[in-house]
Amino acid sequence: MNQPKLTLTIAGNDASGGAGIAADLKTFAEFGTYGIAALTTIATMDPANNWSHGVTAMSAQVVKDQLITAFAGPSIGAAKTGMLPNAEVVEAIADQVEQHPETALVVDPVMICKGEDEVLNPENVEAIKNRLIPLATVTTPNLFEAGQLAEIGLLFNLEDMKKAAKIIHEKGAKIVVVKGGKSLAGDEAIDLVYDGNEYFTLSSKKIENANNHGAGCTFAAAITAGIAQGLEPIEAIKKAKVFVSEAIQAGFKYNQFVGPVFHSGYRLNRQDSI
Ligand code: PXL
């Protein structure tokens with residue numbers, strides 16, 4: 001057996017298992033890569049209080065120490081960032097990742113969790129924009145996040161998505177994937193991809209009442225794993241879209257509050273590995 005390709009997630013723990021490092025590590029495994037996690041935050045949900053989220057930050061020092069450990073092994077093919085609690089942690093991550101240009105970076109600029117309506121931390125958005133976006137091979141904002149990163153407010157249609165993608169590309173991300181998700185009108189879930197040269201869209205049928213908690217993390221993790229396995233980023237993005245659609249198909253109701261994707265959906269639905 002050859003040595004596996006290494007993948008790294010720098011993200012939070014979703015205590016319900018659908019999003020965050022749980023989603024990432026399960027996805028990394030489905031792709032046959034060796035996953036490593038550096039924990040940035042712990043997100044807990046309170047069943048006695050309408051599943052409201054609590055967020056506990058790791059210190060910048062312990063995030064830095066985890067990254068030093070992770071990078072002390074064989075070369076990591078690709079890393080991704082997910083939920084980041086504050087600007088200090090973002091800075092610590094950028095300082096380490098910058099020293100490893102051999103590792104492709106996928107930035108999932110998580111600003112908000114589904115069902116929550118507060119941006120995690122405004123100065124955090126600034127730090128992601130200034131320190132991580134310039135290092136990104138791929139970034140995967142949703143409509144809200146793309147509007148924040150591009151500083152153009154809310155996005156409503158494909159034209160708005162193109163405008164945001166261009167601005168985010170100018171800030172340094174090589175490839176921008178703006179996820180239209182369920183929010184755009186129509187019965188397709190459309191993502192817009194921009195690589196500085198051309199725009200193209202990826203679409204899949206919207207799934208009614210989808211159990212899709214963790215879909216964003218799973219999509220970005222699948223792109224990360226594809227790149228680590230040697231795919232060109234655009235090919236990794238296309239493959240990730242297929243992978244996450246199957247994960248959403250296999251999603252299930254966890255409790256009255258949340259329905260996660262099932263990260264093994266592709267393998268189970270198709271009786272084949274990705
Ligand atoms: O889906 C965004 C997200 C990312 N990371 C963690 C989360 C969530 C949403 O719950 O808990 C750790």
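In the predicted model, the buried residues of helix α4 (residues 122–132) are N124, V125, A127, I128, K129, R131 and L132; buried denotes under 20% relative accessible area, exposed over 50%, and partly exposed in between, with a 1.4 Å probe and protein chains only. Helices (H or I, at least four residues) and strands (E, at least two) are DSSP runs numbered from the N terminus. The buried residues of α4 pack against β4, α3 (87–97), β5 (104–107) and α5 (143–150), where contact means heavy atoms within 4.5 Å. Residues are numbered from 1 along each chain as its sequence is written. Local features need pLDDT of at least 70, side-chain atom pairs count only at pLDDT 80 or more, totals for chains, interfaces and linings use all residues, and side-chain values use heavy atoms, with hydrogens and water left out.

T137 lies in the loop between α4 and β6 (138–139). This residue has a relative accessible area of 16% and is therefore buried. Leaving aside residues up to four places away in sequence, T137 touches A104, L105, K174, I175 and P233.

Helix α1 (residues 20–30) is largely enclosed by the rest of the structure, because 8 of its 11 residues are buried. These are G20, I21, A22, A23, D24, T27, F28 and E30. Their cover includes β1 (6–14), β2 (34–46), β4 (76–81), α7 (215–228), α8 (233–249) and α9 (265–270). Just after α1, G32 adopts a positive phi of about 75°.

Helix α9 also contains L268. With 41% relative accessibility, L268 counts as partly exposed.
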